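Subject: Model handover and notes

Hi,

Have a look at it first, then read on.

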Amino acid sequence: MTATPPDVIRCAYAELVVTDLAASRAFYVDVLGLVVTHEDSSALYLRAFEEYLHHSLVLRKGPEPALGVLAYRVRTPADLELAEAYYRGLGCPVTRRPAGATRGIGEAVRVLDPLGFPVEFFHEAEHVERFTQRYDVHGAGALSRLDHFNLDTPDVPAARKYYEGLGFRVSEDIQDAEGTVYAAWMFRKPTVHDVALTGGDGPRLHHIAFASHERHQILHICDHLGALRKSGMIERGPGRHGVSNAFYLYVRDPDGHRIEIYTHDYYTGDPDNPVITWDVHDNQRRDWWGNPVVPSWYTDASVVLDLDGHVQPVVERAEPREADVTIGADGFSYTSGQAEFKLGEQV
Ligand code: 4SX
Ligand code: FE2
């Protein structure tokens, strides 16, 4: 008999290890406009404008950039017991953390999950002021909340199966005619995703994403970086995703961690929400306007720590890689969406 999994509500916070807190502050607070809940000489605790839990992002100073932990909020305190039993049943390393072991967070269970990621489950957390209507402090690029994590993992079908066991459902995925799965988007909260699984060398963190309410907020972040002569921090976008339909931007922080700003995906909460499968050769899957995906977006990602703070070894993807099957020698991607098109022709 399989143990009952904990009832996960949503992705709730991430801890990134950064090498220079002042440089990170300049990026996350001064450019992205995240709110500082607490800061000291070893860490910054940040939240977005609509969040009332203590933080959705911890930046902890350390010797090399890495993912420290991904945290999911569970529905009740009793779900911590379920989480502990569930992961012990899977044979994963598990630790209990007393309230306050992470500032602002109550009792928690940490595990090294079957995909090799450090994951925390918590219910209780300190409440702080929700800045929803503090328009006096919202900048022009205001971020409202954490939206999702995106993970690189070698075997997407195996990872999907593991997350389905935890009660997540797939909203969209990318495959080819031979049945190779390149990526899958999965959710607990009723949006396109809480976690995306991208086929690649892993375990590595591909990105975390914050939501804004408006597209112009994303454009403002681009203008702001331009004004600082920091356009090099913009990696991909702004654009419109095919998968998820969200408007997007990817930026790289001073340590190279990738952050996505994301808005306008859709509701997925009904039980019969249709799954959308994209062909890997559909050139509009990752950018609805057909703009090419830069190679670094496929190759670069952050290493992850185990529960003792050591860098987890990275396992190579054995299946075909999306970049290899979609990016030509000239660095551009092709196709089906870019077939010959004559003015006046119906698509
Ligand atoms: O590039 S994709 O359009 O497939 C995409 C990437 C869709 C949603 C996301 O959050 C993402 O990071
Ligand atoms: Fe994303």
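Let me start with a definition: a polar contact is a pair of N or O atoms within 3.5 Å; within protein, one must be able to donate a hydrogen and the other to accept it, and residues adjacent in sequence count only if both atoms are side-chain atoms. The model is predicted, so local features need pLDDT of at least 70 and side-chain atom pairs count only at pLDDT 80 or more, while totals for chains, interfaces and linings use all residues. Residues are numbered from 1 along each chain as its sequence is written, chains are lettered from A and ligands numbered from 1 in the order in which they are written, and side-chain values use heavy atoms, with hydrogens and water left out.

**His 257**

The side chains of His 257 and Ser 302 are joined by a polar contact of 2.7 Å. A polar atom of the His 257 side chain also lies 2.9 Å from the backbone oxygen of Val 17. His 257 sits in the loop between strand 15 (247-252) and strand 16; helices (H or I, at least four residues) and strands (E, at least two) are DSSP runs, numbered from the N terminus. With a relative accessible area of 1%, His 257 is buried. Here buried means under 20% relative accessible area, exposed over 50%, and partly exposed in between (1.4 Å probe, protein chains only).

Three residues hold the iron ion (ligand 2): His 148 (NE2), His 207 (NE2) and Glu 260 (OE) coordinate it at 2.0 to 2.2 Å. Donors are N, O and S atoms within 2.8 Å of the metal (3.2 Å for Na, K and Ca); water is not among the atoms, so sites may look incomplete. Along the chain, the donors of the iron ion follow the spacing H-x58-H-x52-E. Because His 148 lies in strand 9 and Glu 260 in strand 16 (residues 258-263), the pair ties together parts that are 112 residues apart in sequence. His 148 counts as buried, at 1% relative accessibility, and Glu 260 is buried with a relative accessible area of 1%.

Ligand 1 is surrounded by 15 residues, the closest being His 148, His 207, His 241, Tyr 250 and Arg 286. A residue is near a molecule or strand if one of its heavy atoms lies within 4 Å of it. Polar side-chain atoms approach oxygen atoms of ligand 1 from Arg 286 at 2.9 Å, from Glu 260 at 3.0 Å and from Arg 236 at 3.3 Å. How much of ligand 1 does the protein bury? Taken alone, ligand 1 exposes 320 Å², and the protein buries 100% of that. These accessible areas come from the Shrake-Rupley method with a 1.4 Å probe; for residues, only the protein chains shown count as cover.

**Aromatic rings**

Rings of Phe, Tyr and Trp (its six-membered ring) pair if their centres lie within 6.5 Å; planes under 30 degrees apart count as stacked, over 60 as edge-to-face and the rest as tilted. By this rule the count comes to 17 aromatic pairs. One of them, Phe 49 with Phe 131, is stacked, at 6.5 Å centre to centre and 25° between the planes. Phe 49 lies in the loop between strand 3 (43-47) and strand 4 (57-61) and Phe 131 in the loop between strand 8 (118-122) and strand 9 (145-153), so this pair ties together parts 82 residues apart in sequence. Phe 49 and Phe 131 are both buried.

Phe 131 also has Arg 47 over its face, at 5.0 Å from the ring centre, and Arg 134 over its face at 5.1 Å. A charge sits over a ring if NZ of Lys or CZ of Arg is within 6 Å of the ring centre and within 35 degrees of the ring normal. Elsewhere, ring pairs link Tyr 72, Tyr 86, Tyr 87, Phe 121, Phe 149, Tyr 162, Tyr 163 and Phe 168 into a cluster.

**Backbone points to check**

Most residues other than glycine have a negative phi, and most peptide bonds are trans. A cis peptide bond joins Gly 202 and Pro 203, with omega about 10°, and another joins Gly 237 and Pro 238, with omega about 5°. Ser 244, in the loop between strand 14 and strand 15, has a positive phi near 85°.

Best wishes
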